[in-house]
Protein chains: 2
Amino acid sequence: MTLSTMSKAVLTVALLAPLALVPAAEPPARGFPGRLPLTKPTDRPLSAAMQRAYDFWGIASLGSPRGVSQNDRMELYSNFRYSRLEGFDYSCNTSRRDPTKVLKIDGTYYVWYTHRKTEAPPSGTGKATDTIPSADWDLAEIWYATSNDGFAWQEQGVAVPRPPKPDYGWRSVTTPDVLVFKGKYYLYYKGQPIHSSDESPGLELVRAQGLAISEDPLGPFTKHPLNPVITSGHETCLFPWKGGIAAITSLDGPEKNTVQFAPDGVNFEIMSSIEMPPLAPGPFVADAFSDNEDGRGITWGLCHIPPPVDATAPGNWAENAHFTLARFDCDLSRDTHRSNFKSTYPGRYDEEAFFSSRAHLSGWLLNQVKKEQQQLDRNTILQQQ
Amino acid sequence: MTLSTMSKAVLTVALLAPLALVPAAEPPARGFPGRLPLTKPTDRPLSAAMQRAYDFWGIASLGSPRGVSQNDRMELYSNFRYSRLEGFDYSCNTSRRDPTKVLKIDGTYYVWYTHRKTEAPPSGTGKATDTIPSADWDLAEIWYATSNDGFAWQEQGVAVPRPPKPDYGWRSVTTPDVLVFKGKYYLYYKGQPIHSSDESPGLELVRAQGLAISEDPLGPFTKHPLNPVITSGHETCLFPWKGGIAAITSLDGPEKNTVQFAPDGVNFEIMSSIEMPPLAPGPFVADAFSDNEDGRGITWGLCHIPPPVDATAPGNWAENAHFTLARFDCDLSRDTHRSNFKSTYPGRYDEEAFFSSRAHLSGWLLNQVKKEQQQLDRNTILQQQ
């Protein structure tokens, strides 16, 4: 078959190009949509998308903000950039993950995190022993490290060791998250309810986040009656923002990759849609415990990053887990304006990202796709039937 | 300073760990949130997030769907995986980008794309000549390629050459997108209005998408009065879905990284939040021109990917542009159910992605961050003021 035998419709796709590029009747200056009014127009109809731009996002969210341009939602919008850390050298079967908030005390930064150093890699629940972990966070304890600049760290050793067997918690001790808000201690935590009713064959595993509140930092913590308070995200990341609490959700659920805000710390609303947010972020929060209803936000913190997956190796995700700590930077702060982090165009991923081990189509998934494609792909309908 | 001199609040963060993990008073089966009802409960208050889960997303969107579990929004949710292509070998100063929809004719796949082969790399507008391009898409023409499986391609050569100078369009010919809908030809295109009023110092550059409709595939096309119809995304990607039109937005604007749907092809609503969608996707759409109000959706297509940025090299983004075509796979189809692509947990990015050239903090941005940090980072407030 040659091009000349194709139908008019196919040729049209190719030939439309010059037409699409030559709106000769109108000079470019009058082209669509001309001039966007800063207030919602009342003299012309708007598409659903433009109504959302005025009513929900705020019209400033459509532009690449420069200088003073901000609105409530754009203040809680940011891009994220990542840096490797010094001082956390990898050695065999060592994992560091789930950093706490970073605190600064007398000019020195402190972070706590889940640390595992075992004689063997995670083996899955079936093969785990008292010294062989089931998963990356098994047989772990809490360590801490210090830094003068947030990039180079000195690992100080254990902060909270595992209790002796068979005391409760002997198997692993991992990192929590807590804030002080309205005179009480707010503990946000992840829940993994399993819904196995037959009425709902599809609802297999739900990750959501709950809130427990206490008068005392040592508890007892009472679960909030409105739980769950966040339906998306995989790990908690919360910080004081103005008079309420802001949250970064990543990785899971219909509202993943958003920044949310709850004036009351309970009822969270979506403020912005973000790209490639940090995993399990532990932000530097100077005012996490200040409880002054003037939360200033964050500009950086630590997070964890998984290693590449070896798609050719046997085993499952647990066996591939040796997480490392990294640093993220952003602009979710009321005290700075970093235009590069505020651009609504975060920049393209490159081939390193698209073909990274977890975004690349490979293994059994590639085989499934190739097999299904033969059944699925009908010829294009070139004439209306 | 040692741990023993820190305040109670700091210690609390570390010591809370065992408390958070030991809800001893309640067995795990009764833990939060227990059992999620499939219909919205009326006998208890719900958090704002749970109200959205029932009223907007649909409760099935909270679970990892298996088997039959779907709702309208989850049908237009997908993860994406990427593959390198055979047959598009890179040679110096050659770029391939912005693929059209893929068509299948008599069992063979066809794609058209913007192709540039010049004597020098893009140089920016100031240095461009009749033979040196200003940007990656300058001095380009439309080429096409064929394939039997969508992975291995044979480049066939030029389909739409540039007209001779000084005819309009001599400088470059690039790829458009068109659909047939309700008996007319729908041309979706990108606009880049610049709003330079002083009333709005921040609204610098807005990317949005417009719609033009014609009775005839060769035009004339009339711009729709409700333009812009999509406020986010950088390139258009639209396909028939049921009785309307679905769109993938990526890369730009407050609603980037979403799948949207317009029953009328004009008024688009957000259906799902997606992660790492393809750039400039050209999906395989068997029914792009069938106009039968029964759009089946898509499972794969071609997209383009930029090369890594060399942060140490002089120059700007235009000089780093030699795009390549790649393949994406997904499940935005009514004819298949690929559970791996439907998981609300797309999987973590790994260090290859987080430290890729465009996500890594480096160069002047790293210097800016380090400098600002010294002014921004106050000591953590450990006691309430």
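Trainee: Start with B:Asn257: buried or exposed?

Mentor: Keep in mind that this is a predicted model. In it, B:Asn257 is buried, because its relative accessible area is 4% and the cut-off for buried is under 20%.

Trainee: Where does B:Asn257 lie?

Mentor: In chain B, in the loop between strand S12 (244-249) and strand S13 (258-262).

Trainee: Which residue of chain A has a positive phi although it is not a glycine?

Mentor: A:Lys242 is one of them, with phi at about 50°. That residue is found in strand S11 of chain A. A:Lys242 counts as partly exposed, because its relative accessibility is 27%.

Trainee: Back to chain B. How many residues of S12(B) are buried?

Mentor: Six of its six, and the strand is mostly covered.

Trainee: What does S12(B) pair with?

Mentor: Strand S11 (residues 238-242) of chain B runs antiparallel to S12(B), with four bridges joining them. S12(B) also runs antiparallel to S13(B), and five bridges join those two. B:Ala246 of S12(B) has B:Phe239 opposite it, and B:Ala246 also stands opposite B:Phe261 in S13(B).

Trainee: How many residues are between S11(B) and S12(B)?

Mentor: One, and the two strands form a hairpin.

Trainee: Now strand S4 of chain B. Why is it described as largely enclosed?

Mentor: Because eight of the 10 residues of strand S4 (residues 108-117) of chain B are buried, the rest of the structure largely encloses it.

Trainee: Which strands pair with S4(B)?

Mentor: Strand S2 (residues 94-97) of chain B pairs with S4(B) in the antiparallel sense over four bridges. Strand S3 (residues 103-105) of chain B is antiparallel to S4(B) as well, over three bridges. Strand S5 (residues 141-147) of chain B pairs with S4(B) over seven bridges, again antiparallel.

Trainee: Which residues stand opposite each other there?

Mentor: Take B:Arg96, which stands opposite B:His115 in S4(B). On the S5(B) pairing, B:Tyr113 has B:Trp143 opposite it.

Trainee: What about the hairpin of S3(B) and S4(B): which residue takes a positive phi?

Mentor: B:Asp106, near 50°, in a hairpin with two residues between the strands.

Trainee: Different topic. Which peptide bonds in chain A are cis?

Mentor: Among them is the bond from A:Lys165 to A:Pro166, with omega near 5°. Another is the bond from A:Asn227 to A:Pro228, with omega near -5°. Most peptide bonds are trans.

Trainee: Where do A:Pro166 and A:Pro228 lie?

Mentor: Both are in loops of chain A. A:Pro166 is between strand S6 (153-160) and strand S7 (178-181). A:Pro228 is between strand S10 (222-223) and strand S11 (238-242).

Trainee: How many aromatic pairs are there over all chains?

Mentor: The count comes to 31. Take A:Phe56 and A:Trp57: their ring centres are 4.8 Å apart and their planes are at 85°, so that pair is edge-to-face. A:Phe56 counts as partly exposed at 36% relative accessibility, whereas A:Trp57 counts as buried at 8%.

Trainee: Which residues form one aromatic cluster?

Mentor: A:Tyr82, A:Tyr349 and A:Phe354, together with B:Tyr82, B:Tyr349 and B:Phe354.

Trainee: And which charged residues sit over a ring?

Mentor: B:Lys370 lies over the face of A:Phe151, at 5.0 Å from the ring centre. Within chain B, the charged end of B:Arg327 sits over the ring of B:Phe151, 3.8 Å from its centre.

Trainee: Last one, B:Asn79. What does its side chain reach?

Mentor: The backbone oxygen of B:Ser343 at 3.0 Å and the backbone oxygen of B:Asn340 at 3.3 Å. B:Asn79 is found in the loop between helix H3 (72-75) and strand S1 (81-84) of chain B, and it is buried, with a relative accessible area of 3%. Not counting residues up to four places away in sequence, B:Asn79 touches several others, including B:Asp329, B:Cys330, B:Phe341 and B:Pro346.

Technical notes:
Residues are numbered from 1 along each chain as its sequence is written. Chains are lettered from A and ligands numbered from 1 in the order in which they are written. This is a predicted model: local features need pLDDT of at least 70, side-chain atom pairs count only at pLDDT 80 or more; totals for chains, interfaces and linings use all residues. Side-chain values use heavy atoms; hydrogens and water are left out. Rings of Phe, Tyr and Trp (its six-membered ring) pair if their centres lie within 6.5 Å; planes under 30 degrees apart count as stacked, over 60 as edge-to-face and the rest as tilted. Buried means under 20% relative accessible area, exposed over 50%, partly exposed in between (1.4 Å probe, protein chains only). A charge sits over a ring if NZ of Lys or CZ of Arg is within 6 Å of the ring centre and within 35 degrees of the ring normal. Two strands pair if DSSP finds at least two bridges between them. A polar contact is a pair of N or O atoms within 3.5 Å; within protein, one must be able to donate a hydrogen and the other to accept it, and residues adjacent in sequence count only if both atoms are side-chain atoms. Contact means heavy atoms within 4.5 Å.
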